[in-house]
Amino acid sequence: MPTKRLDKSSDAMFQPYYDAAAEQRFVLPQCGSCGHRFWYPQTSCPSCLSLEWTWRDTKPQGRIFSWTEVHHPFNEELTETVPFLVVIVEPDEAPGVHLVSSVRGIEPGELRVGLPVVATFAAPVWSDHMLPVFEIDPARV
Amino acid sequence: MAQTVNTSKQAVISGTGESRFSRRSDAPLARLQLDAINAALTDAGLEPGDIDGVFTDGSVMPVSFPIDVAQTNAGLHGVRRVGQFATGGTGTALAVMEAAKAIRQGDLHAALIYFGVDWGSSQPPYSFHDRYRAKVLYEQPYGYYGQALYFATIARRYAHEYGYTMDQLARGLGQIAVDHRANALLNSNAQQSRSLDLDTYLAEGMLADPLRRYDCCLQSDGAVALILTSEEFNSHKDRPAVVVTGAGYAADSITDESFFSQNPLFTSLPSAHRSAALALSNAGVTVEQLDFVQAYDCFTPSPLMQLEALGVCAPGAGIEYVTAGTAIGSDLPLNTHGGSLAQCYLLGINHISEAVRQLRGEAGAGQVKNASKGAVMMAPGRDHVTLILERS
Ligand SMILES: [Zn+2]
């Protein structure tokens with residue numbers, strides 16, 4: 001599995017997300033100047049251009065923004081994995097952020113844009129690392 | 001800034017050349033590209049030494065067939081300006097825009113623009129985005145891999161935002177695929193040679209729901225070359241001159257890496273709206289005056305969003321619009337050569353050579369009657385170019 005895909009030395013900007021996920025924490029870059037949470041990490045805040053931002057704990061819940069069920073393996077390493085669901089989640093505390101993830105415990109036919117989801121942590125279909133994956137949040141359906 | 005068209009010089013696309021297009025060619029990319037360049041020189045009635053500018057895209061060709069190699073093998077000994085622009089399809093359209101400007105200003109006499117790929121025989125283009133660390137680290141672990149997934153999630157969100165059922169969405173996207181195929185059957189250099197009907201489209205299984213096989217472009221080996229000259233350097237006074245009368249480029253303040261998942265509008269292309277308005281404005285042309293549109297069609301939702309950006313229909317009305325049909329014979333035919341979906345996937349440069357063919361009246365069975373004005377739009381991403389071409 002593609003552990004090699006994570007090269008810590010060259011990915012200092014991206015690594016804290018993985019470190020937090022390993023501790024089952026969901027974090028996003030948050031601007032220290034205007035408070036904007038953004039995605040993906042970049043050198044300056046996309047809202048106010050401040051260079052002072054930090055990774056901040058973020059409530060691990062949101063809503064399904066869009067999704068697809070993948071039937072064709074676009075990489076041969078995914079041949080045994082299809083079909084699988086990919087979702088894009090908009091976190092409640094970070095409007096405008098589109099978090100690519102997966103969803104578990106729901107049939108594709110029941111999936112709807114707007115459904116409330118909550119994160120748990122597990123290795124997704126094409127990684128050995130603990131990362132946020134989502135489940136339907138029964139408390140908010 | 002808006003360019004004025006009433007300068008003393010106009011930029012004419014006076015030569016086009018296409019290699020044979022196929023899924024897998026026996027010839028290497030270099031040979032296909034040289035075939036296209038030589039065909040363009042012949043078409044323009046120019047010698048290799050007449051070319052004084054060489055332009056291509058800034059990401060694909062610099063690796064696979066860079067300008068020094070192209071120039072050397074084509075014998076272009078008079079070059080005094082080169083340029084590489086943007087990425088892939090946007091880059092070749094931007095090259096036309098920049099070459100046209102240099103010609104209008106009198107800086108160049110004859111500019112060559114070239115582009116080709118051998119992605120049909122070498123490898124599918126999915127790994128092209130492995131260069132982006134955010135995609136590798138934050139998207140691919142979930143299997144969000146392959147550009148079809150980007151457009152699958154865009155299409156589903158589009159249906160949600162504008163209140164289309166998934167069946168309405170399927171019939172709209174399917175009609176795009178069907179019409180592209182019908183157009184390709186009228187083109188002599190198209191990879192697809194069998195017809196496609198909507199029932200066959202709908203019976204296909206999903207690749208990435210809601211996209212099916214025929215929503216995805218071909219994989220191809222092929223190359224195209226274009227030559228722009230001033231009007232006085234256009235040696236063919238006997239046929240209509242195809243003039244670049246309008247061109248617009250716009251780029252959003254978002255990285256390539258982020259665009260497809262993080263585009264704030266998600267179901268529309270802000271840069272395409274801006275580039276289209278610029279191009280129409282500096283050509284002094286309205287959408288109603290256009291006789292065809294060639295729009296980058298990597299996946300069926302892509303031309304849909306660009307037609308909306310051009311103002312052919314309102315944002316969200318695209319599915320309704322394409323369901324009514326956009327094949328040759330309709331009011332405003334889309335991708336008259338079959339596009340990347342059915343002619344050949346060359347990241348859109350074949351859309352430009354097709355536009356020239358139409359405006360010269362040389363499109364044979366696929367000719368749009370009395371075509372005198374057309375738009376070319378490339379590509380669906382953070383940046384976008386619209387060209388307005390007219391027969392003079
Ligand atoms: Zn800020």
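Which spacing do the donors of the zinc ion follow along the chain? In this predicted model, the donors of the zinc ion follow the spacing C-x2-C-x10-C-x2-C. The protein donors are the SG atoms of C31(A), C34(A), C45(A) and C48(A), which lie 2.3 Å from the zinc ion. The angles that the four donor atoms subtend around the zinc ion run from 101 to 116°, and the arrangement is therefore tetrahedral, since four donors count as such if all angles lie between 85 and 135 degrees. For comparison, the ideal angle for four tetrahedral donors at a metal is 109.5 degrees.

The contact between the two chains draws on 40 residues from chain A and 31 residues from chain B. About 3,300 Å² of area is buried between chain A and chain B, and carbon and sulfur atoms give 63% of it. Across this interface, 16 residue pairs are in polar contact, both residues of each pair being at pLDDT 80 or more. On the side of chain A that touches chain B, at least two residues each are supplied by helix 1 (15-22), strand 3 (61-70), strand 4 (84-91), strand 5 (99-101) and strand 8 (131-136) of chain A. The largest share of that side, six residues, is contributed by strand 3 of chain A. When the residues on the side of chain A that touches chain B are sorted by class, 26 are nonpolar, ten are polar and four are charged.

Side chains of opposite charge can pair when their charged atoms come close. Between chain A and chain B the count is one salt bridge, and this salt bridge links R133(B) with D11(A), whose closest N and O atoms are 2.7 Å apart. Over all chains, the structure holds 24 salt bridges. Among them is a salt bridge in which the side chains of K9(B) and E232(B) meet, at 3.2 Å from N to O. Because K9(B) lies in the segment before strand 1 (11-18) of chain B and E232(B) in the loop between strand 7 (221-230) and strand 8 (242-251) of chain B, this pair ties together parts that are 223 residues apart in sequence.

Two further positions in chain B may be described. The residue L347(B), although it is not a glycine, has a positive phi of about 55°, and its place is in the loop between helix 13 (339-342) and helix 14 (349-360) of chain B. The residue V82(B), in turn, is part of strand 3 (residues 81-85) of chain B. When neighbours within four places in sequence are left aside, V82(B) is in contact with V54(B), F55(B) and I67(B). From V82(B) to I113(B), the C-alpha to C-alpha distance is 9.9 Å, and these two residues are 31 residues apart in sequence.

Terms used:
Residues are numbered from 1 along each chain as its sequence is written. Chains are lettered from A and ligands numbered from 1 in the order in which they are written. This is a predicted model: local features need pLDDT of at least 70, side-chain atom pairs count only at pLDDT 80 or more; totals for chains, interfaces and linings use all residues. Side-chain values use heavy atoms; hydrogens and water are left out. Contact means heavy atoms within 4.5 Å. Buried area is the accessible area (1.4 Å probe) that two parts lose on being put together, summed over both. A salt bridge is a side-chain nitrogen of Lys or Arg within 4 Å of a carboxyl oxygen of Asp or Glu. A polar contact is a pair of N or O atoms within 3.5 Å; within protein, one must be able to donate a hydrogen and the other to accept it, and residues adjacent in sequence count only if both atoms are side-chain atoms. Helices (H or I, at least four residues) and strands (E, at least two) are DSSP runs, numbered from the N terminus. Ala, Val, Leu, Ile, Met, Phe, Trp, Tyr, Cys and Pro count as nonpolar, Asp, Glu, Lys and Arg as charged, and the others, Gly among them, as polar. Donors are N, O and S atoms within 2.8 Å of the metal (3.2 Å for Na, K and Ca); water is not among the atoms, so sites may look incomplete. Four donors count as tetrahedral if all angles lie between 85 and 135 degrees; four count as square planar and six as octahedral if opposite donors are over 155 degrees apart and all others between 65 and 115; anything else is irregular.
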